[in-house]
Amino acid sequence: MGIESKLGNMGVITTTLENVVNWGRTRAMWPMLFGLACCAIEMMSAQASNYDMSRFGMELMRPSPRQSDLMIVAGRVSRKMAPVLRRLYDQMPDPKWVVSMGDCASCGGVFNNYAIVQGVDEVVPVDVYVAGCPPRPEALIHGIMTLHEKVKGESIKEWA
Amino acid sequence: MTLHQVEITSDELRNLVSPRALEGETVLLNMGPQHPSTHGVLRLLLELDGETVVRCIPDIGFLHTGIEKNMEAKTYEKAEVMTDRLDYLNTMGNTLAYCLAVEKLVDLDVPPRAQAIRVIHTELQRIASHLVWLGTHALDLAAMSVFLYCFREREQILDMHEMSSGQRMMTTFFRPGGLWRDVTSEFEPAVRKFIKSFPARIDQYEDLLSENPIFIDRTKDIGVMSGDEAIAMGVTGPSLRGSGVKYDLRKEEPYSGYEQYDFDVPVAEEGDVYARYFVRMKEMRESLKIVEQALDSLPGGPVRSDNRKFVPPPRAELGTSMEAVIHHFKLWTEGFPAPKASVYVPVESPRGELGVYLEGDGGPKPYRCYWRTPSFVNLQALPMLSEGHYVADLVAIIGSIDIVLGDTDR
């Protein structure tokens with residue numbers, strides 16, 4: 001595995017608690033199984049055979065918000081859906097993160113009209129925006145890797 | 001932004017649920033809009049007697065996007081971008097319906113090569129859509145592996161879309177008067193390879209499901225609908241053909257050259273979830289037949305009409321022809337005017353009859369653009385199909401009518 005080279009004679013490694021906790025958080029970040037529109041199909045593609053997000057410890061999509069760490073807002077959020085989305089976010093336990101997938105969720109996309117919330121950041125705090133209409137699965141995976149980088153730099157006191 | 005949560009009062013429920021619910025004899029249960037088996041953001045209000053569904057009340061509109069209204073604010077060619085995002089599993093079919101409507105409205109001819117390529121792409125899209133349906137339907141019934149296999153083949157089709165249009169899903173490849181561009185040289189070998197490999201893949205899915213006792217138990221005699229009931233509900237597409245009615249718009253009102261191709265319309269008599277599964281599996285094989293025929297008889301020639309009042313000139317002409325510059329400028333600043341008339345064009349989408357009603361007012365923008373979407377109409381049948389069944393079977397029934405909420409709510 002390569003990790004045994006770090007063992008030395010004592011079988012001890014030194015690191016900070018924060019590093020260990022954040023490493024654990026990035027390696028088992030469970031997304032919520034929650035698709036809205038077109039982007040949800042690309043999210044499914046990212047989960048399926050060709051792209052396989054389980055390489056990043058994400059094979060489990062949890063249908064319940066109470067078991068998930070990451071909300072991927074995949075698609076356009078209508079005004080009718082916005083309260084539901086906020087409620088789901090509130091039900092997720094800390095620590096939790098939000099990826100806004102696609103143009104519609106990020107800024108309204110091509111739909112500048114009465115029905116669509118112009119950016120899901122009006123409703124929930126967003127950590128990473130992924131551009132594209134819809135973003136390719138690679139783009140979603142890149143967004144999640146970016147989120148992992150962000151989580152690695154977080155202080156655990158932020159969520160305490 | 002202020003959020004308004006809508007609460008339902010018992011007065012509002014009075015005519016929706018049975019009187020037993022108000023006395024507390026039956027239970028009201030909310031399913032969705034965030035539920036893995038409602039295939040999007042469908043919300044169902046269920047009245048349950050034990051585990052049996054007494055009433056099922058669909059609540060739609062969680063994905064209402066205002067697409068029709070947005071299209072009215074754009075010129076005919078620019079509005080096409082919106083059509084992809086209606087039924088996001090059938091993007092080529094949506095643009096086909098819209099282009100046919102515009103072509104009928106302004107009386108524009110399409111070259112035969114463009115028509116054949118349209119058929120190839122639409123049929124590939126039908127297979128891709130059925131693959132997503134099959135994967136998610138099997139996933140709902142706890143067969144995980146089918147989903148992984150289906151998405152493997154779907155990626156091949158998306159790669160072919162990408163070769164032609166540069167996009168995997170939101171292609172906007174068909175344009176009024178033809179196509180955006182001709183297909184690339186690697187397209188034909190890729191389709192040939194797919195035609196060769198795909199029948200064995202369908203056999204593989206059928207091996208996994210068709211004779212699987214768990215799958216049969218969960219689908220046979222569930223959600224039965226007779227042919228007359230289906231017609232009364234306005235159900236179209238594979239759901240109607242699963243009830244024994246042989247009605248396919250590709251045969252009844254051929255468009256885009258479908259009359260040239262030899263294919264069967266699969267029908268099943270039982271009208272249950274399994275019959276609808278059976279029809280869709282057969283349809284994938286028929287679609288493959290159409291793709292092969294269209295590819296074999298693919299004519300040469302241009303892929304866009306040369307009627308410069310409606311179709312922009314090729315880029316190369318802009319440097320040499322003043323007339324081309326004028327047409328280009330006019331079309332991209334103002335658009336083309338359509339006469340004061342109305343047209344309705346239906347096409348056979350993977351879900352049923354997808355119709356576009358376009359009304360022109362003499363200007364460059366549609367006065368009204370209405371979509372008759374199959375998911376919306378087929379969803380009407382859900383309460384009828386689900387009443388009297390267990391909640392667990394409801395999941396199978398929702399999967400079997402194959403709704404896409406983007407298509408329902410528009």
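## Contacts and cores in a two-chain model

In this predicted model, B:Leu134 touches B:Val146, B:Cys150, B:Tyr205, B:Leu209, B:Tyr277, B:Met281 and B:Met284, leaving aside residues up to four places away in sequence. B:Leu134 is also listed, together with B:Tyr98, B:Leu124, B:Phe198, B:Leu358 and B:Trp371, among the residues with the most contacts inside the largest nonpolar core, which has 83 residues. Helix α6(B) provides the largest share of this core, namely twelve residues. Apart from this core lies another one, of 61 residues, which includes A:Val77 as well as B:Leu382, B:Leu394 and B:Ile403. In soluble globular proteins, nonpolar side chains tend to be buried together.

Is B:Ser386 buried or exposed? Its relative accessible area is 1%, and because buried means under 20%, B:Ser386 counts as buried.

The two chains also meet each other, with 41 residues of chain B in contact with 42 residues of chain A. The table collects the values for this meeting of the chains.

| Item between chain B and chain A | Value |
|---|---|
| Buried area | about 3,400 Å² |
| Part of the buried area from carbon and sulfur atoms | 62% |
| Salt bridges | three salt bridges |
| Polar contacts (both residues at pLDDT 80 or more) | 18 residue pairs |

On the side of chain B that touches chain A, α3 (67-72), α4 (80-83), α6 (112-140) and α7 (144-165) of chain B each supply at least two residues. Of these helices, α7(B) gives the most to that side, with eight residues. Sorted by class, the side of chain B that touches chain A has 21 nonpolar, twelve polar and eight charged residues. A salt bridge joins B:Glu162 to A:Arg136, and the closest N and O atoms of this pair are 2.6 Å apart.

Chain A contains a helix, α2 (residues 38-47), that is largely enclosed by the rest of the structure, because ten of its ten residues are buried. Among the buried residues of α2(A) are A:Cys38, A:Ile41, A:Met43 and A:Met44, and also A:Glu42 and A:Gln47. What do the buried residues of α2(A) pack against? Within chain A they pack against β1 (70-74), β2 (97-101), α4 (102-107) and α5 (137-152), and from chain B they pack against α6 and α7.

Definitions and conventions
Residues numbered from 1 in each chain as written. Chains lettered and ligands numbered in written order. Predicted model: local features only at pLDDT ≥ 70, side-chain atom pairs only at ≥ 80, totals over all residues. Heavy atoms only, no water. Contact = heavy atoms within 4.5 Å. Buried area = accessible area lost by both parts, 1.4 Å probe. Salt bridge = Lys/Arg side-chain N within 4 Å of Asp/Glu carboxyl O. Polar contact = N/O pair within 3.5 Å; in protein donor to acceptor, adjacent residues only side chain to side chain. Helix = DSSP H or I, 4+ residues; strand = E, 2+ residues; numbered from the N terminus. Nonpolar A, V, L, I, M, F, W, Y, C, P; charged D, E, K, R; others polar. Core = buried A, V, L, I, M, F, W, Y, C linked by side-chain atoms within 4.5 Å. Buried < 20%, exposed > 50% of the residue type's maximum accessible area, 1.4 Å probe, protein only.
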